[in-house]
Amino acid sequence: MTSFLHATIIAGTPLFLSTLGEILNEKAGNLNLGVEGMMLMGAVAGFLAAKGTNNAFLAILCSILFGCIGALIYAFLTITLRANQTVTGLALTIFGSGISSFIGQNLSGKVVPDRVKYFLSPIKLPLLGDIPFLGKVFFTQDIIVYFSYILAFAAAFYFYKTRIGLNLKAVGENPYAADAVSINVALYKYVNILAGGALCGLSGGYLSLIYVPAWQNNITSGRGWIAVALVIFAAWNPCKALLGAYLFGGLDIIGFRIQDGFISKYFLDMLPYLVTIIILTLFSFKRSKKNSPPKFLGLPYFREER
Amino acid sequence: MVNQVRFVRRDKVDKYTNIKVKLISIVAAFFIMSLFLIMLKINPKDAFIGMIKGAFGSPLRIRQTTIKAVPLIITSLGILTAFKMKFWNIGGEGQILMGAFGASILALFYNGFNSTTLLLLMALSAAVFGGLYALISAVLKIYFKTNETIVTLMLNYIALKFITYLQYGPWKDKKALGFPKIANFPDKALLPNLLGVNVGWIIALILIILVYIFMNHTKKGYEIAIIGESINTARYAGINIKAVTILCVFLSGALCGITGFIQSSGVNGTLSVEIAGGVGYTAIIIAYLSNLKEPFILIVSVLFAALLQGSSYIETSLKIPNSAALILQSLILFCILSSEIFTTYRLKFKD
């Protein structure tokens with residue numbers, strides 16, 4: 001049981017990172033369906049850097065950078081050129097999967113170098129790691145998992161307790177009103193979308209460097225899309241996103257764990273996708289004011305047409 | 001500096017500007033692709049000429065391009081039907097698989113008919129399976145306001161796992177020496193050839209005309225367009241939104257299902273997990289680039305098929321991974337998306 005929960009956290013972490021990335025996008029009023037693409041770009045870049053430099057830090061940095069590049073394309077098209085957000089996001093996903101399988105063509109099956117693997121292996125935290133059960137599950141993890149704990153609370157603080165978080169909310173809810181009180185709408189959108197891209201890239205890097213840790217084509221296998229759905233499940237709240245991600249992380253690995261022939265592995269593999277639909281349906285049905293999407297989600301902002 | 005340039009709405013949008021801007025953006029996409037290839041030390045001229053040769057260089061290659069164009073055309077028509085209503089069906093992939101599944105049930109287990117009847121029944125079954133699979137998302141959207149983009153997408157993965165289950169489990173061909181594949185269809189369940197290509201291309205051409213007539217010259221097609229333009233107008237005009245949505249999404253899925261039938265019966269010879277192979281996603285781009293107009297679907301699909309065929313040719317001749325096609329597709333899409341603003345706006349430099 002302990003090892004199952006331990007693995008759940010690992011499987012849930014990339015989901016959380018990309019979910020939080022999408023939350024940043026959506027808070028700024030942009031529906032970014034390119035999560036999968038940015039993750040794939042981050043995954044291949046991180047893996048390639050790990051292979052090339054043998055340095056875990058550089059590998060992670062490269063993941064983040066490539067996620068940002070993907071996000072920058074999306075941001076430039078949707079903010080500056082006011083392109084359709086849905087189609088731009090889809091294009092980004094296709095772009096990312098094209099780039100990752102193009103670059104990763106000769107990498108299939110290759111594994112992450114030992115030095116990088118060692119650096120990113122679980123570290124037991126002093127004191128906290130000694131707590132029975134919980135210490136094993138939560139505090140004997142790799143550094144990115146710890147980073148994601150901090151990130152969840154930092155993001156919640158940013159959204160709900162700071163001035164700029166409030167401004168961000170205004171940008172997503174009504175950019176015209178935000179502009180009227182001299183909030184720089186484009187700047188807020190750019191910064192948050194790029195930060196979101198960084199998280200998606202990191203999430204992809206986590207998959208290729210730690211979770212798998214080897215290269216396989218289409219390594220994300222739909223996790224980016226689950227993240228988009230998790231945003232609705234989490235009602236745009238980073239802490240709920242963390243819980244949701246662990247729930248789905250558990251569903252993700254259950255197929256591996258239960259292999260007694262009683263139920264086919266392929267049906268268990270369907271679970272995350274099926275549960276996404278069910279949860280999405282339940283949450284769409286009882287949508288209250290508190291967990292509704294930003295009002296201007298998916299709409300372009302034309303400053304010239306105020 | 002940034003404030004020196006701004007967008008100003010054009011007084012009127014003419015067709016000429018529109019076409020000019022689109023062409024420039026496609027050229028731009030090829031330009032960016034060239035830069036990318038140069039970065040990888042590949043001569044872009046060789047790559048593009050290789051692609052054209054690979055797609056149209058010989059009768060055999062032209063046939064291959066046609067075979068690749070057929071599923072793109074039919075699936076794009078399906079996607080177009082839903083997109084006209086602003087119902088974002090991105091589940092083409094899953095609907096193709098379920099359509100192929102519907103056709104396979106008959107071909108493999110209930111094939112006691114003559115060839116023509118069997119093929120017609122298979123097509124019908126494929127359409128019904130594809131349509132019903134798409135309807136799941138429509139019903140959830142109508143009754144629970146669930147976001148159809150995510151539901152259709154999740155259904156893709158579910159269909160994929162389901163077919164994988166069949167292929168590795170109950171439907172696995174025992175004669176294939178442990179190799180996980182489903183038994184081949186009997187000969188009478190295979191689509192006949194015409195001019196060296198399975199008759200799918202005729203079905204595709206007929207469907208373009210039928211969908212064109214349905215969308216532009218029938219009452220239901222008009223209602224779909226109105227719901228897409230403004231749901232409130234539709235409500236005010238007394239259109240039964242639920243009924244029209246269900247019809248529209250069913251048709252959308254049914255068309256994708258027919259693609260599954262053609263792919264399994266005409267190309268692959270049986271059902272397999274690879275049958276959709278990304279067609280459902282490419283069709284979204286095609287539908288968008290065609291501006292949701294049926295005749296353009298034909299042109300864009302043939303171009304995209306040439307791109308796919310050409311890139312699989314240069315994969316062997318120039319050792320360029322065929323995912324180059326995906327990159328080029330998305331670059332074209334990026335450039336067209338960025339160009340859109342220039343058809344209705346122009347840049348104004350402050351003096």
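How many salt bridges are counted between domain 1 of chain B and domain 2 of chain B? The count is 0, and the legends below describe this and other views of a predicted model.

Figure 1. Chain A contains 13 helices and 2 strands. Its radius of gyration is 19 Å, close to the 19 Å that the globule rule gives for 306 residues, so chain A is as compact as a globular protein of that length. The C-alpha trace of chain A spans about 60 × 40 × 40 Å along its principal axes.

**Figure 2. Overall dimensions of chain B.** The secondary structure of chain B consists of 13 helices and 4 strands. For 351 residues a compact globule would have a radius of gyration near 20 Å, and the 22 Å of chain B agrees with this. Taken along the principal axes, the C-alpha atoms of chain B fill a box of roughly 80 × 60 × 35 Å.

**Figure 3. The two assigned domains of chain B.** The domain assignment divides chain B into domain 1, formed by residues 1–42 + 320–351, and domain 2, formed by residues 69–317. The C-alpha centres of domain 1 of chain B and domain 2 of chain B are 30 Å apart. Where the domains meet, 12 residues of domain 1 of chain B are in contact with 12 residues of domain 2 of chain B.

**Figure 4. Close-up of the interface between domain 1 and domain 2 of chain B.** Between them, domain 1 of chain B and domain 2 of chain B bury about 1100 Å², and carbon and sulfur atoms give 68% of this area. On the side of domain 1 of chain B, Ile320(B), Gln329(B) and Leu333(B) lose the most area to domain 2 of chain B, together accounting for 46% of what that side buries. The interface of these two domains has 0 salt bridges, and the rule finds 0 residue pairs in polar contact across it, with both residues required to be at pLDDT 80 or more. Helix H13 (residues 324–344) of chain B supplies the largest share of the domain 1 side, 8 residues. By class, the domain 1 side that touches domain 2 of chain B has 8 nonpolar, 2 polar and 2 charged residues.

**Figure 5. Close-up of the interface between chain B and chain A.** The contact involves 44 residues from chain B and 45 residues from chain A. Together the two chains bury about 4000 Å², of which 82% is on carbon and sulfur atoms. Across the interface of chain B and chain A, the rule finds 0 salt bridges and 2 residue pairs in polar contact (both at pLDDT 80 or more). The elements giving two or more residues to the chain B side are strand E1 (5–9), helix H5 (115–144), helix H6 (148–168), helix H11 (279–289) and H13 of chain B. Of the chain B side, the largest share, 13 residues, comes from H6(B). The residues of chain B that touch chain A comprise 32 nonpolar, 7 polar and 5 charged.

**Figure 6. Close-up of the salt bridge between Glu294(B) and Lys84(B).** Over all chains, the structure holds 5 salt bridges. In one of them, the side chains of Glu294(B) and Lys84(B) meet at 3.6 Å, N to O. Glu294(B) belongs to helix H12 (residues 294–317) of chain B and Lys84(B) to helix H3 (residues 59–84) of chain B, so the pair ties together parts that are 210 residues apart in sequence.

Definitions and conventions:
Residues numbered from 1 in each chain as written. Chains lettered and ligands numbered in written order. Predicted model: local features only at pLDDT ≥ 70, side-chain atom pairs only at ≥ 80, totals over all residues. Heavy atoms only, no water. Domains from an automatic or database assignment. Contact = heavy atoms within 4.5 Å. Buried area = accessible area lost by both parts, 1.4 Å probe. Salt bridge = Lys/Arg side-chain N within 4 Å of Asp/Glu carboxyl O. Polar contact = N/O pair within 3.5 Å; in protein donor to acceptor, adjacent residues only side chain to side chain. Nonpolar A, V, L, I, M, F, W, Y, C, P; charged D, E, K, R; others polar. Rg over C-alpha atoms; globule rule 2.2 N^0.38 Å.
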